[in-house]
Amino acid sequence: MIERITLKNFTVFNDVSLDLSPKINVVIGENGTGKTQLLKALYFSNKSLATQDATSDDLLRLFRPLSNSLKGLVGDDGKSKAELTCQLATGQNMTISFSSGSKQLAKDKFLSTPVVGAPNLIPVKEVLSLMRGMLTGRLSTETLQLLFDQSYLDISKSLAKKAPTNAGEKIDQDPRFSAIYIKLIKLLGGRFEVSVLANQAYVTFKAGHFDQVKDTKSENHGKTTFRVKRSDSADMTAEGLRKLGTLQLLLENHSINPGQGGIVLWDEPEANLNPKLMKLVVELLLELARNGQQVVVATHDYVLLKWFDLLVRPGKGDHIRFHALANDGDKVTVQSAESYKELDNNAISNTYSDLYDAEIKRSLGGEK
């Protein structure tokens, strides 16, 4: 678990520290306040701790500054040293630092024991339709890195991993997995599958459902199996469903493994998603957190924010911490609270309040 991250003179952050909930964290803020950069900083930290290495190349491929040098990640003054510190719940720290002229990262207190699990960053754009291009052997590594930042390339590889066990077997053996996975399959109306042949990725959507084999003569009697109704290319399914399919596949192949894996970061899960699905997304994330998964979500959406507020159940061990980023013109600041209503700089709520006020004013004849 990541307990705290501190960013000093790092990209848009002058001096910011976030104390994270071990369960759910929701990051809000206007465009340009650094939400995605914060998620990438957390991803880089967790990935570095998982691989026990941190390099300037990793950092540059993830953030992709214009200069393609560490200078592009140093804060506005360009003089002070940039620093990133990640503190784990075990009390161990990872610190990296660099200056405008640095070619490599300076590292301090880097190794973690035990080694933490690998993180997952689900980006704003859905990835399933891009996997064929990202995993093909026809494009060079240099070309792929020009087209995509490292988080896209990493998650495409995670999605293509072969599941260690059959999904039906996992459902039968692990009630915690089953509670999350079956709900997601019902939401999708089926499941996505990835196969890689000769460096070519094929992503299909198979409409259907899971149930138990009822034939008493079958050797699989009583076991859970998937019943396929039809198969389509993933490109023929809605983009919002492909985003949820990413979560389904990562769960199925154990890239997301609550209680053992690293942090799950999701940038704007609401993008291209029907609002009626927001409640189910929040229910899924809460269920993951109840099983030991740390989650950080960045959002612009009031519906998603409100469902987090309405569905949290402290009696079930739920905990949500809201983090509001704001740019006062000189620097980015952060305010954290256990309820989004306690935040002073809540760009989402403030906007909806403005809309409500405008509607009241018009209904009272204030606008002609």
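Strands β3 (residues 24-29) and β13 (residues 320-327) run parallel and are joined by six bridges; here helices (H or I, at least four residues) and strands (E, at least two) are DSSP runs numbered from the N terminus, and two strands count as paired if DSSP finds at least two bridges between them. Within this pairing, G29 has L325 of β13 as its bridge partner. The model is a predicted one, in which local features need pLDDT of at least 70 and side-chain atom pairs count only at pLDDT 80 or more, whereas totals for chains, interfaces and linings use all residues. Residues are numbered from 1 along each chain as its sequence is written, and side-chain values use heavy atoms, with hydrogens and water left out.

The β3-β13 pair belongs to an open sheet of six strands with mixed pairing, ordered β7-β11-β12-β3-β13-β14. β7 (120-122) and β14 (332-337) are the edge strands; each has a single partner strand, so one side of each is left without a neighbour in the sheet. From one strand to the next, the twist averages 15°. Helix α9 packs on this sheet, where it touches β3, β11 (264-267), β12 (295-298) and β13, and its direction makes about 135° with that of β3. For these angles, axes are lines fitted to C-alpha atoms, for helices over the stretch in contact, and values run from 0 to 180 degrees between N-to-C directions. Contact, here and below, means heavy atoms within 4.5 Å.

Three bridges link β7 to β11 in parallel, with I122 partnered by W266. On to β12, β11 pairs in the parallel sense over four bridges, and W266 has V297 as its bridge partner there. Both faces of β11 are covered, as V264 and W266 on one side and L265 and D267 on the other are all buried; buried means under 20% relative accessible area, exposed over 50% and partly exposed in between, with a 1.4 Å probe and protein chains only.

In soluble globular proteins, nonpolar side chains tend to be buried together. The largest nonpolar core in this model has 62 residues, and I24, L244, L285 and F308 have the most contacts inside it. Such a core is a set of buried Ala, Val, Leu, Ile, Met, Phe, Trp, Tyr and Cys residues joined through side-chain atoms within 4.5 Å. Helix α9 (residues 278-290) gives the most to this core, with eight residues. Beyond its neighbours within four places in sequence, L285 is in contact with I24, W266, V295, V297 and F308. A second, separate core of 40 residues includes L7, L20, F63 and L70.

Helix α7 (residues 175-188) comes next. Its buried residues include F177, I180, Y181 and L184, and the buried set packs against α6 (167-173), β8 (190-197), β9 (200-212), β10 (224-233), α8 (239-252) and α9. After α7 comes G189, whose phi is positive, near 80°.

T11, in the loop between β1 (2-10) and β2 (13-19), is buried with a relative accessible area of 13%. Not counting residues up to four places away in sequence, T11 touches Q37, F63, L73 and G75. N46, in helix α1 (residues 35-51), counts as buried at 5% relative accessibility. Leaving aside neighbours within four places in sequence, the contacts of N46 are I2, V116, G117, A118, P119, G262 and I263.
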